[in-house]
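Let's take a look at how one protein chain is put together. Have the sequence and the 3D view open while you read.

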Amino acid sequence: MTDNRALVTGGAGFIGSNVVRKLIERGWNVRIFDDLSTGYRENLESLAADRIELTVGDIRDGRLVHALAEGCAAVYHLAGSVGNIKSIERPQLDAEINVIGTLSVLEAVRAHRTPKLVFSSSSAIFGEVQYLPIDEAHPAEPDSPYGVTKLAGEKHCLAYAKLFDLDIVCLRYFNVYGVNQRYDAYGNVIPIWTRRLLDKEPLLIYGDGEQTRDFINVDDVAEANVRAGETPGLRGPFNIGTGTTFTINRLAEAFRAVAGPNLVFEHRPPRKGEVLHSQAKVDHAAKAFGFRPAIAIERGLVDYVAWIREGMPSRMPAARSAS
Ligand SMILES: NC(=O)c1ccc[n+]([C@@H]2O[C@H](COP(=O)([O-])OP(=O)(O)OC[C@H]3O[C@@H](n4cnc5c(N)ncnc54)[C@H](O)[C@@H]3O)[C@@H](O)[C@H]2O)c1
């Protein structure tokens, strides 16, 4: 048993690579397991090569996951098929990767009696917002196959925790943005606007721009993972956001501050089915493991745009469709 070895599934991805970085900063040696379907070796380039070990493979391969989890004091499970639209297009694949994949990890943790598993869940489990801010007890009625698979992942985690007396934590992230996040036509407004900014295209605002989001920087999400992983006896689900909200109009102002006053915005009619408001209640994570989001969006945005500008063009695939 190696006390300072952790396994991070999906560790070459956007959030996973930030978790790996944070673990290394805290003195951990990290095994990374990723099929590189949406992850990039490039995300790991700046990390200490002697502290990481990348294995390329599929999370559904239970034998491989079992071998990699051996000797690890903690497992961070982030590998997954991500996004509502993708899951509507390919629900079976989404379920195989997110449900069967999570069971591979749970079986490995059960067999090795790994001291801690931190599972990446999502605010997509909640579905239609019934009240704000969203606490852990908010009804979970996901309205996409992705949300269903994340909820199934949580339920499996909680059942394993009870059945086999394991410390398993589920972190439900809200709108995550930041370094190592690529453009996705259906993804977060921040990478979409950044892409359009660099392409000198107008940034699109749907409706009156008074929609609210709880944007959390990936560094804060990585911090939440490591803190949850390092807190003994911690179990159950926790909402991970900033606990505050930002309107799309305020986000536009923040972009102006980064890109200059000549930035052009274009207004479009409201999008059908768009969630109008979202905000996490994060007191539970604050009390249980001292989670305190530290990065204001204005600062996070400066870092993100700088990272994109440095890394062009390989870090930002060309915009596919108007968003
Ligand atoms: N980005 C967000 O705003 C957000 C919000 C809520 C929850 N999450 C969750 O956080 C986790 C990380 O998401 P992300 O935003 O970093 O996305 P990402 O696509 O960058 O990361 C997912 C990683 O998993 C890997 N992967 C995918 N399928 C795999 C498979 N079959 N076997 C092995 N590896 C596989 C990918 O290559 C990638 O590196 C996911 O579980 C996601 O559901 C993300």
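Helices here are DSSP runs of H or I with at least four residues, strands are DSSP runs of E with at least two, and both are numbered from the N terminus. Keep in mind that this is a predicted model: local features need pLDDT of at least 70, side-chain atom pairs count only at pLDDT 80 or more, and totals for chains, interfaces and linings use all residues. Residues are numbered from 1 along each chain as its sequence is written.

A residue counts as near it if its C-beta atom, placed from the backbone, lies within 6 Å. There are 26 residues around the ligand, and Gly10, Gly13, Gly39, Gly80 and Ser122 come nearest. Helix H1 (14-25), helix H4 (91-112), strand E5 (117-122) and strand E7 (175-177) each give two or more residues to this shell. H1 has the largest share, with 3 residues.

Now for the domains, whose bounds come from an automatic or database assignment. Domain 1 covers 5-175 + 216-240, and domain 2 covers 178-214 + 243-311. The contact between them (C-beta atoms, placed from the backbone, within 7 Å) takes 28 residues from domain 1 and 27 residues from domain 2. On the domain 1 side, H7 (218-230) gives the most, with 6 residues.

What kinds of residues sit in these two places?

Methods: Contact = placed C-beta atoms within 7 Å.
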